[in-house]
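Dear colleague,

Please find the structure below, together with its sequence.

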Amino acid sequence: MADTELAEELLQIEEADAWFEYLEATRGQMHTRYGEVEPWAWARLSQRLRAVRARRARLKPAAA
């Protein structure tokens, strides 16, 4: 059970890190630059969150 809790905590950290990366990439950008950076940042965020969800889904059956 402790391994599952540790894995879940690591996934939460990874998810938070993905959001912070998005924020860092988009914060303070000028309007024109934001338009260039935001689609990339959103795609990167979505990719990382999908990976976290996939690992979390594999973790659930192991916990049951």
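Of the chain's 64 residues, 22% count as buried, where buried means under 20% relative accessible area, exposed over 50% and partly exposed in between (1.4 Å probe, protein chains only). Please note that this is a predicted model, in which local features need pLDDT of at least 70 and side-chain atom pairs count only at pLDDT 80 or more, while totals for chains, interfaces and linings use all residues. Residues are numbered from 1 along each chain as its sequence is written, and side-chain values use heavy atoms, with hydrogens and water left out.

**Overall form**

The secondary structure consists of two helices and zero strands; helices (H or I, at least four residues) and strands (E, at least two) are DSSP runs, numbered from the N terminus. The chain has a radius of gyration of 15 Å, whereas a compact globule of 64 residues would have one near 11 Å. That radius is taken over C-alpha atoms, and the globule rule is 2.2 Å times the number of residues to the power 0.38. Along the principal axes, the C-alpha atoms fill a box of roughly 50 × 15 × 10 Å. Among contacts with a separation of 6 or more, 64% are between residues 24 or more positions apart, contact meaning heavy atoms within 4.5 Å.

**Aromatic residues**

A pair of aromatic rings is described by the distance of the centres and the angle of the planes. Rings of Phe, Tyr and Trp (its six-membered ring) pair if their centres lie within 6.5 Å; planes under 30 degrees apart count as stacked, over 60 as edge-to-face and the rest as tilted. By this rule there are three aromatic pairs. In one of them, the ring centres of Trp19 and Tyr22 are 6.3 Å apart and the planes stand at 80 degrees, so this pair is edge-to-face. Trp19 and Tyr22 are separated by about one helical turn because they lie three residues apart in helix H1 (residues 2-26). Trp19 is partly exposed, at 39% relative accessible area, whereas Tyr22 counts as buried, at 14%.

Tyr22 also forms an edge-to-face pair with Trp42, with 5.7 Å centre to centre and 75 degrees between the planes. This pair links distant parts of the chain, with Tyr22 in helix H1 and Trp42 in helix H2 (residues 31-63), 20 residues apart. Trp42 has 43% relative accessibility and therefore counts as partly exposed. Together, Trp19, Tyr22 and Trp42 form one aromatic cluster.

With kind regards
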